[in-house]
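Biologist: I'm new to this one. Can you put it up, and then I'll ask about parts of it?

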Amino acid sequence: MGRIRVLSDTVANKIAAGEVVERPASVVKELIENSLDAGATELRIEVESGGRKLIRVADNGCGMLRDDALLAFERHATSKLSDVRDLLSIATLGFRGEALPSIASVSRLVLETRSADETTGATVEINGGKLLRCDEYPGPQGTTIAVRDLFFNVPARKKFLRSDQTELAHIASLATHYSLAHPQKSFQLRHGANELLDVTPVETLRERVYQVFGNQTLEELIDLDFVERELEVVDAEERGSRVFALRGFVSGPQVQKLNRNSIFLFVNGRLIRDRVLLHSLSSAYHNLMPPACYPFALLFVDCDCEEVDVNVHPSKTEVRFRHGTFVHDFVRDAIRERLIAARPVSSIPISTQPQAAADLPFSDFTQRIENQRFEPAPDIEAGVERPEDLPVFTLKTGAAPERRFDFSEPVPPAAHVPDTHGPLPLGAEPPQSLASLSDLRPLGQIHDSFIIAAGRDGLWIIDQHVAHERILFEKVLRQQAQGRVERQQLLMPILIELTAGQQIEYAQIAGELDRAGFDSEPFGQRTIAVKGAPAGVGPGDIEKLVFEILEIVEGELPKVSVDDLRRAMAASIACRAAIKINMRLDQAKMEWLLTQLAATECPMSCPHGRPIALRYSTRDILKSFHRI
């Protein structure tokens, strides 16, 4: 007898569930997408024990007919595809027809649905893939799916689930994502008796961001508006043009996250995790933010359905662009240009609390830290009181107390506040931008390191080292592009000994070193002689600078372009040649530094991503002194 056999439907569904249903959040994702495809405008999500015990998603969508409700639990049964050609232009969130049978095979599921075409709907109950009952349902139009005891019949899968807090955080993040993608719909998320998300329909994406994250996050974001770029397609099969659009919000370089949890990516309304878009986002912030930090980003890429393949992964979280390079450069350039035009500045915001789902910790340990409250230590010197030693109180009914206040008399006027204590006149709040750098008036320095300046919009603090670093960085790049790098010749060559690996790296970038302003040549075995260096770099920093550049080559040369390498070398040169901290500057030098900084393209941060200026707005200062 042969060894190859056809698997039963029960086993096949459980195998498919292993691909589609990874954790409770996977169930929530599939059910939300079905509700959105059904045209629902109200979605209510309820979970218990992080989704282990219960996941209930209710909507007011079109609902299903009785026959369709039963057919929906057959494998590869869907209403969204009818022909193989439809795979080339998928416009719905779901299309595979695997979600419901996969979920039903590893849980106790109850489906309640009614279509507008029927007076009564259907209730379908399935236990571990087996149909238990199908009754009439007299409820309202729409669909409600309750999933209980997830993985009850697959103990091995259940052991891989994380804590309730971690699973709940994934569900909350998912609900937050889809609420941002559909501002015209209402979303509710409850965990037991706790309400984690409750947003009502709004007109604009900006309003939905305010609902979910609060005004502090909104004030830190830059609106990308609506950017379009056209691609001319010329090949043997077709000839025409494709239009790509980008909209959304990104944060300024001063907002630096330690992970990618604040990056929300959507392609044609579909939540995805795409390497091309993630890399284009990091490239847009290159030299504006430290490499280990990430911005807040809410990006929507819209294009023709034929330009993106969503049938790549069973969970539909990955896509493949037909013209990936074009999409990468388009997103990178659009964000970079908007950042340079906006010139955002760090300031002190007045915050409002975001929705709980947007800031839910992903571990029990983090939650315990946030909930921890320090209480005063008990008084160990106080004796322990016994019940028999406590005094006995007897309540007696006495006469009513006399009235303390007589409201028949007029209220005395409030104390007069002198005019000197009144609010300062305020005009329109100036935009939060670094464009006003040229109007600043330097007042002095703090510890000979930070410039204090006054402007029409408040008080400014500027880091003199990173400000000069930004000025020199852009200057070096311009000189390199023009082929006119300023050099300084040394009276005596500096001999630098290299390791075998460094010698190979030096040979690879000798031409780039010369282009950057170094005059060097091999000098015997594993030694180079540096006879000239970029202007402004001190003699004591030349050797350190050469080793820094060689370290950059060792770590980044295999994976970066020549342009990125040149920018990294220019950043190192600017850092070594810039004004240092603990250096006293006179009034003329401070004014020159601010004027030159205002003329740069990106005065927000230094080439290594550190912020340059902080602004304390006049309004915030007045609020702190209770003048407004």
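Biologist: Which residue in E12 is the bridge partner of Val267?
Modeller: Arg270 is the partner of Val267 there. Helices (H or I, at least four residues) and strands (E, at least two) are DSSP runs, numbered from the N terminus. This is a predicted model, where local features need pLDDT of at least 70 and side-chain atom pairs count only at pLDDT 80 or more, while totals for chains, interfaces and linings use all residues. Residues are numbered from 1 along each chain as its sequence is written, and side-chain values use heavy atoms, with hydrogens and water left out.

Biologist: In what sense do E11 and E12 pair?
Modeller: Antiparallel, over two bridges; strands pair if DSSP finds at least two bridges between them. Their hairpin has two residues between the strands, and Asn268 takes a positive phi near 55°.

Biologist: And what about E11 and E13?
Modeller: E11 and E13 pair in the parallel sense, over five bridges. Phe264 has Leu298 of E13 as its bridge partner.

Biologist: Which residues of E11 are on each side?
Modeller: Ile263, Leu265 and Val267 are on one side, Phe264 and Phe266 on the other, and all are buried. Buried means under 20% relative accessible area, exposed over 50%, partly exposed in between (1.4 Å probe, protein chains only). In a regular strand, side chains alternate between the two faces of the sheet.

Biologist: Switching to H10, how far apart are its end C-alpha atoms?
Modeller: They are 27 Å apart, which agrees with the 27 Å that its 19 residues should span at 1.5 Å a residue. The expected span is 1.5 Å times one less than the number of residues.

Biologist: What do its buried residues pack against?
Modeller: Among the partners of H10 are strand E9, helix H9 and helix H15. The buried residues of H10 include Phe326, Phe330 and Leu339. After H10 comes Arg343, with a positive phi near 50°.

Biologist: Where does His608 sit?
Modeller: His608 is in the loop between helix H16 and strand E23. At 31% relative accessibility, it counts as partly exposed. Its side chain makes a polar contact of 2.7 Å with that of Glu469. Such a contact is a pair of N or O atoms within 3.5 Å; within protein, one must be able to donate a hydrogen and the other to accept it, and residues adjacent in sequence count only if both atoms are side-chain atoms.

Terms used. Contact means heavy atoms within 4.5 Å.
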